[in-house]
Amino acid sequence: MTSFGRYTSAETVGYSFSQPTSAPNKEHSFYPYTDNGGSTLGISGSDFAILAGDTRSVAGYNINSRYVPKVFKIGGDDESGDGAHILLSVVGFAADGQALKERLDAVVKMYKYQHGKPMSVRACAQRLSTILYQKRFFPYYVHAILAGLDEEGKGALYSYDPVGSYEREQCRAAGSAASLIMPFLDNQVNFKNQYIPGSGEGHALEPKKAEPLPRETVEQLVRDAFTSAVERHIEVGDGLQMMVITKSGIEEIYSPLKKD
Amino acid sequence: MEHFPEAWGRPRNDIYGPYDHSYLQTTGPKAHTQSPAVTGTSVIGVKFNGGVAIASDNLASYGSLARFTDVKRLRVFGDSAIVGFGGDVSDMQHIDRLLNSIDIRENYSSDGNLLNAKNLHTYLSKVFYKRRSEFNPLWNHILVAGFDGDGKPFLSSADLLGTTFSAPHLATGFGAHLAIPILRRLFPEDTPLENISKEQAVEALRECIKVLWYRDARSLDKFSIATVTKDGIEVKEDEKVEAQSWAFAETIRGYGAQVN
Amino acid sequence: MFRNNYDNDAVTFSPQGRIFQVEYAQEAVKQGSVVVGLVNKTHAVLVGLKRNAEELSSYQKKIIEIDSHMGIAIAGLASDARVLSNFMKQQSLGSKMTYGRPIPLERIVTQIGDRAQTNTQQYGKRPYGVGLLVAGVDETGPHLFEFQPSGLTHEMLACAIGARSQMARTYLERHLDEFSDCSRDELINHGLRALKETLSQDKELTVDNTSVGVVGLAPEGSKSKIQSFKLYEGQETLPLLEALERSETSGEAGGEGSMEVDS
């Protein structure tokens, strides 16, 4: 059954009500996805979480725009975002990302309206997973990262695949330059392949323990990660949008990246 | 006598071969647009001090055939926004009907709350996204020009997938390759809007249309150009590319009939 | 009450041209505790008197935030109000989703009006037993609307509905001229004063039984255009009640300077 459009069976004789009524599937040439490129990155600390993303939007080799944010405040005022206590970054297919962000935002607002209290980051993380999984067979083509502060006030970071599997992590890079940034983060945040000097020989060498980093260090790591990614990935650049969530609120920092 | 009534009025099997029943299907996959038919090419737009200018040629092509040469692809919405359409012309007409009915509905209520260009762009991008999610896309790439809620000039794009982005100058189709570099040279992206006059913007668009006429095979030297300012919308729909110079064509080698 | 032949359903007129069920529904509004609403050029204010069924029970909610740009105050059947409020919330979110704009006040009030009207024209339905005051801001500034079980809606400058609301309306009518140019705090104060008028001898406004909702335009030069809906309940109302007390001792409701409160 490789031919489309026409019946192939030659032995069909006469016209009968028992004729097969299902037409052979015609080829669908419309593809509902595109990749808008870019990269995002999140790191959590002991009392803060940072979500960052570049602001370039691409379509193939074209640059659509140099300022299309990928990091959003969830559950806040519509224009200013005031009062939000959760951050979401989406990278991949921007239209799906936008739709996902708006759905989650509506969910968090309805939660506040119905329960009279803000949704916890943990609950929001679980809800985001189900939203993604509901579209398991026509997914939101995005890698999402959710950030906020947990019940104890510690930085909380959740990362997702497009169909909703998720886990809480210390740090995560997503998007086109994820493979460039993630190893750097493994080494600099989780101290992978770092050992305590002089602690032993060979296998006895003791690995350096990972611990939450101070905010200044993390901010610098984010900047370094992106300036490096810009050098090596054509879809990353133009601007860096960083959102820092602490108990005193959300701070947004924009800094330029190379536009080449 | 043919015993099967379904066969009456149809070509005889013994002469024409078995009848292709796929033409009679009422079940099976519904036919959706899988490729555009009659199409318009580029739309270009640029913001200036106190408004936005937008232009497109008046051609609707049928493949490589210049089928309709007097199609207005800039549509005015209310007295505050212009939508420029690239892509399928029948889908454009469908959206235009949609816009008209919204305009009428909005004007029925006399409360003075009218949709601005930004609201309109949000709405249209939702329409595109919904249709692409139903695998029944509206095959267009549009620019929306006007003002946002704060009264600042607004120029934004939306396409058949629901992807949206905004920039000081935008172009769809071939214009993204040919017009954007010209506009970027004339008005570098960090130019404050105050330094771009309406006359400069319009002149730049005329120049871009000319370049597109030179190099885009699906373009026309008749075009429409419009501006939105606080004073209202100004549309010119029967413009002609002036001061054409085809001297450069002489220097082109490798095409056509020239010998050396 | 005597037996009436024309009040078995909400779709039958009496020979006098009245629909009794709708009028009875309006009586339900009068059973509810009083709420007051008022607007000026910059703000819309709702104040409400909360009731508790008994000494140890919680107080019934009187003011509900619908969205950041509007809220409602209710008098009558709270459960009917919740249906309307859920509907309004959905519509408001829907408008933000599809057009990216807060829904215009007149638009959403018309929608609930239409919904209420269908209940008065379809057999087997019952009118909403609740009256609403809808306060909010949109492109055209602050607004206050009154909604009645009949589906009738009015834009108001000031309004009070619920038990003993006549006293509040009298106050509002008397002080109407002072509203339009007064400050946000003064407007709240007028609202509380009107509310206080309705109290019976032995009652007081307390932090437990008073609710205040305010929404308005943001002062010039602010980041956003509107000052989001703010609901004051419990201890938060204390400064407002203190300001009320101070203004009363100093005599005038809109007394200058005497009631500047930092809120």
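The questions and answers below concern strands, helices and cysteines in a predicted model.

Student: Which residue in β6(C) is the bridge partner of Ala135(C)?
Tutor: Strand β5 (residues 130–138) of chain C pairs with β6(C) in the antiparallel sense, over seven bridges. The two strands form a hairpin with two residues between them. Within β6(C), the bridge partner of Ala135(C) is Leu144(C).

Student: Which residue in β7(C) stands opposite Phe147(C)?
Tutor: β6(C) also pairs with strand β7 (residues 153–155) of chain C, in the antiparallel sense and over three bridges. In that strand, the residue opposite Phe147(C) is Thr153(C).

Student: In the hairpin of β6(C) and β7(C), which residue takes a positive phi?
Tutor: This hairpin has five residues between the strands. The positive phi, near 100 degrees, belongs to Gly151(C).

Student: What is the reach of helix α1 (residues 94–115) of chain A from its first C-alpha to its last?
Tutor: The helix has 22 residues, and at 1.5 Å a residue the expected value is 32 Å. The reach in the model is close to that, at 31 Å.

Student: Which residue follows α1(A), and what is its phi?
Tutor: The phi of the residue after α1(A) is positive. The residue is Gly116(A), and its phi is near 70 degrees.

Student: How far from Cys159(C) is the nearest cysteine sulfur?
Tutor: A disulfide requires two cysteine sulfur atoms within 2.5 Å, and a search of the whole structure finds zero disulfides over all chains. Cys159(C) is accordingly in no disulfide, and the nearest cysteine sulfur, that of Cys182(C), lies at 17 Å.

Student: Is Cys159(C) buried or exposed?
Tutor: The cut-off for buried is under 20% relative accessible area. At 3% relative accessibility, Cys159(C) counts as buried.

Student: What is the relative accessible area of Cys208(B)?
Tutor: Cys208(B) is another buried cysteine, under the 20% cut-off. Its relative accessible area is 1%.

Student: Is the crossing of α2(B) and α3(B) left-handed or right-handed?
Tutor: The two axes come within 12 Å. The crossing of α2(B) and α3(B) is right-handed.

Definitions and conventions. Residues are numbered from 1 along each chain as its sequence is written. Chains are lettered from A and ligands numbered from 1 in the order in which they are written. This is a predicted model: local features need pLDDT of at least 70, side-chain atom pairs count only at pLDDT 80 or more; totals for chains, interfaces and linings use all residues. Side-chain values use heavy atoms; hydrogens and water are left out. Two strands pair if DSSP finds at least two bridges between them. Helices (H or I, at least four residues) and strands (E, at least two) are DSSP runs, numbered from the N terminus. The expected span of a helix is 1.5 Å times one less than its number of residues. Buried means under 20% relative accessible area, exposed over 50%, partly exposed in between (1.4 Å probe, protein chains only). Axes are lines fitted to C-alpha atoms, for helices over the stretch in contact, and angles run from 0 to 180 degrees between N-to-C directions. A crossing is left-handed if the near helix is turned anticlockwise from the far one by less than a right angle, and right-handed if clockwise.
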